[in-house]
Amino acid sequence: MSLKRCCGVGFLLLLSSLLAHAQRGAAATTLAPAQPSVPAGATAVAGFRADLATDAWLATVPARDKARSDAYFEGGYWLLFWDFLWNAAVLLLIVLSGFSAKMRGFATRLSRFRPLQDALYWIQYCVVSAIAMFPALCYEAFFRERQYGLMNQSFSSWMRDQAVAFVALIVPAGLLFLPLLMALVRRFPRSWHIWMTAAATLIGIFVTAIFPVYVVPLFNTSKPLEDLRLKDQILSLARANGIPATDVYEVNASRQSKRVSANVSGFAGTERITLNDNLLRRVSPAGVLSTMGHEMGHYVLHHIVNGILFGLIVSAAVLTTLRACLYWLLRRWGERWGIAGPRDVAVLPVALLVLSIWNLLFTPIGNTFTRTQEYEADLYGLNAARQPDGEAEVDLLLGEYRKLSPTRLEEFIFFDHPSGRTRIYAAMRWKQENLCLFNAALACSNPPEALTGAPSPPIQQNGR
């Protein structure tokens with residue numbers, strides 16, 4: 001959850017009567033299909049072509065559903081821009097009105113201990129930001145999701161999750177990390193951006209390690225997967241790919257939404273395989289295995305470590321830029337704003353404004369890095385699970401809230417995952433090169449018997 005979304009509940013916490021116990025969302029009760037329903041144009045027959053098979057899969061989406069998902073995702077392009085403007089306006093108002101300096105002054109009157117002053121400032125900032133951002137939060141995270149049929153929660157249940165995020169995550173995180181970061185600025189006035197880069201990297205590693213064990217249970221309950229046959233298949237797939245997991249967990253994500261998801265999360269001993277109940281209800285076992293192969297690809301290809309290293313490089317560039325911008329801005333307007341310098345905690349809104357500009361400009365680069373890793377995981381999952389039709393089945397469900405066939409420019413700028421068309425084409429291309437696995441009468445480019453000396457039985461598939 002973003003800072004904007006988590007903080008947006010703050011002022012309602014002050015009016016605590018609005019908060020109620022979480023209510024279970026209306027989860028789908030339909031059983032998962034036994035096999036993917038493969039369209040006629042994507043079955044393994046002589047003359048199979050990956051491009052035509054991709055078109056056949058995409059043609060199974062009703063025009064009305066495609067228009068709705070396109071409208072939802074394209075609306076996100078504008079939300080990215082309006083969120084930036086709204087957030088920037090709030091930050092500028094806090095600074096230009098002198099309110100940031102007043103919050104700092106109030107904190108210094110309450111305590112002479114510098115870290116405690118930073119913590120007290122953070123609490124004030126969270127409340128003020130929460131009040132200002134709450135309308136955008138409500139529309140974007142609740143009402144818009146309900147409008148497009150992606151939200152299962154009642155408003156009180158949704159508010160409960162926002163309250164938990166605010167009280168248990170955002171405020172404590174700031175109380176812990178903001179005094180630390182401000183201490184680095186005061187202790188190393190010339191090189192704090194370097195020390196802060198190292199600190200940010202360590203914080204990222206810490207969060208990655210604790211997230212599946214301590215954060216997820218705040219919002220959802222998980223239990224060992226009850227389908228023993230599917231569990232054995234997933235664990236077998238994990239063992240075959242060198243993943244040290246001994247159990248598979250199911251999380252009740254349907255209380256929040258209808259989105260399908262799974263992950264191999266954790267770090268340094270906290271690794272676990274998790275899939276949500278939407279995936280189990282809406283996807284065939286082939287789709288589940290394809291999804292798990294993808295998630296295992298992230299683990300085996302060291303994408304968590306790659307992400308940390310990428311974050312280290314980006315953090316160094318961002319913080320170096322931030323330091324230069326802060327000194328320039330404060331030399332010109334710091335006295336007017338009542339901010340003494342980078343050592344003054346009242347500089348926080350100015351720093352966040354600079355970071356928000358950087359984040360907006362960096363969107364295509366960050367998305368490209370993530371999208372590339374997701375595509376690599378797709379390819380790994382296809383080779384590990386060997387379920388291209390299951391992959392296509394899942395990709396169509398992901399297309400409920402991602403545009404299935406964007407332009408190349410759209411995909412480059414706005415997509416942090418490959419588009420549905422890109423992913424389905426990759427799956428059908430893999431199937432084209434391995435047709436003998438699905439139809440024993442057809443040849444493979446690299447038949448299994450070439451490596452093992454024994455033919456491989458065809459994988460069962462159902463035509464529509």
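**The whole chain**

The model is predicted. Its chain has 464 residues, and 49% of them are buried. There are 17 helices and six strands. Consider contacts with a separation of 6 or more: 75% of these join residues 24 or more positions apart. The chain exposes about 22300 Å².

**Helices α12 and α13**

Two packed helices are described by the angle between their axes and the distance between the axes. Here the pair is α12, residues 303–337, and α13, residues 348–385. The table gives both values for this pair.

| Feature of the α12 and α13 pair | Value |
|---|---|
| Distance between axes | within 8 Å |
| Crossing angle | roughly 165° |

The angle is over 145 degrees, so α12 is roughly antiparallel to α13. The crossing of α12 past α13 is right-handed. Which residue classes make up the contact of α12 with α13? There are 17 nonpolar residues, five polar ones and one charged one.

**Ala-59 in its loop**

Ala-59 sits in the loop between α3 and α4. Helix α3 spans 50–58, and α4 spans 63–96. Is Ala-59 buried or exposed? Its relative accessibility is 61%, so Ala-59 counts as exposed; the cut-off for exposed is over 50%. Pro-39 is 20 residues from Ala-59 along the chain.

How values were computed. Residues numbered from 1 in each chain as written. Predicted model: local features only at pLDDT ≥ 70, side-chain atom pairs only at ≥ 80, totals over all residues. Heavy atoms only, no water. Axes fitted to C-alpha atoms, helices over the stretch in contact; angles between N-to-C directions. Helix = DSSP H or I, 4+ residues; strand = E, 2+ residues; numbered from the N terminus. Parallel < 35°, antiparallel > 145°, perpendicular 65-115°, else oblique. Left-handed = near helix turned anticlockwise from the far one by under 90°. Nonpolar A, V, L, I, M, F, W, Y, C, P; charged D, E, K, R; others polar. Buried < 20%, exposed > 50% of the residue type's maximum accessible area, 1.4 Å probe, protein only. Contact = heavy atoms within 4.5 Å. Areas by Shrake-Rupley, 256 points an atom, 1.4 Å probe, with all protein chains shown as cover.
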